[in-house]
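Try each task before you read its solution.

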Amino acid sequence: AVGDRGVAIWIGAPEAGAIALALQGENPPRPLTIDLLAAAIAALEAQVDLIAITAVRSGTYLAEVRLVDAAGRRHVIDARPSDAIALALRTGAILVASASLLTAEQGGIPSPPEPLSAEELRQHLSRLGPEDFGRFFT
């Protein structure tokens, strides 16, 4: 991490749910897809060495899962950042982001936003129109 800067990545509800469960240390009654992946990696006697958020292209973040197998060979697997983050949380792997992603031009945010009160959030949402949401689905 570089100070308190971060990267704002939009993710879907299922991915957010998987990340939230992992952050809370909870295991669902049936394994999620990310749990299946973690189990497959372990069954192959490999381990997740590092999760890296590496770049952003056309508004889409890219990530890599870096594995080390039992023979010490390294493997790099392309991944969606949300899945990679959930895997890092499930396996205890280190999660890093390229420093270049922390710039405002690449979508980085300079510091975490201040939380809004319920009333401030209501006011903000009342000022938004449909066109404010369309830009996320281009």
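**Exercise 1.** In which helix is glutamate 15 found? Then decide: is glutamate 15 buried or exposed?

*Solution.* Keep in mind that this model is predicted.
Step 1: Locate the residue. Glutamate 15 lies in helix α1.
Step 2: Take its relative accessibility. The value for glutamate 15 is 15%.
Step 3: Apply the cut-off. Buried means under 20% relative accessible area. Glutamate 15 therefore counts as buried.
Step 4: List its partners. Leaving out residues up to four places away in sequence, glutamate 15 touches Arg80, Ser82 and Asp83.

**Exercise 2.** Describe the largest nonpolar core.

*Solution.* 
Step 1: Count. This core has 22 residues.
Step 2: Name the residues with the most contacts inside it. They are Ile41, Val48, Ile51, Ile53, Val65, Ala84 and Leu87.
Step 3: Find the suppliers. At least two core residues come from each of α1 (13-23), α2 (33-43), β2 (47-57), β3 (60-68) and α3 (81-91). The largest share, 5 residues, belongs to α3.
Step 4: Zoom in on isoleucine 51. Beyond four places in sequence, its contacts include Val65, Ala84 and Leu87. Ile94, Leu95 and Val96 are also among them.

**Exercise 3.** Summarise the whole protein: how many helices and strands are there, and in what order do the elements run?

*Solution.* 
Step 1: Count the elements. There are 5 helices and 6 strands.
Step 2: The order is β-α-α-β-β-β-α-β-β-α-α.
Step 3: Check burial. Of 138 residues, 26% count as buried.

Methods. Residues are numbered from 1 along each chain as its sequence is written. This is a predicted model: local features need pLDDT of at least 70, side-chain atom pairs count only at pLDDT 80 or more; totals for chains, interfaces and linings use all residues. Side-chain values use heavy atoms; hydrogens and water are left out. A nonpolar core is a set of buried Ala, Val, Leu, Ile, Met, Phe, Trp, Tyr and Cys residues joined through side-chain atoms within 4.5 Å. Buried means under 20% relative accessible area, exposed over 50%, partly exposed in between (1.4 Å probe, protein chains only). Helices (H or I, at least four residues) and strands (E, at least two) are DSSP runs, numbered from the N terminus. Contact means heavy atoms within 4.5 Å.
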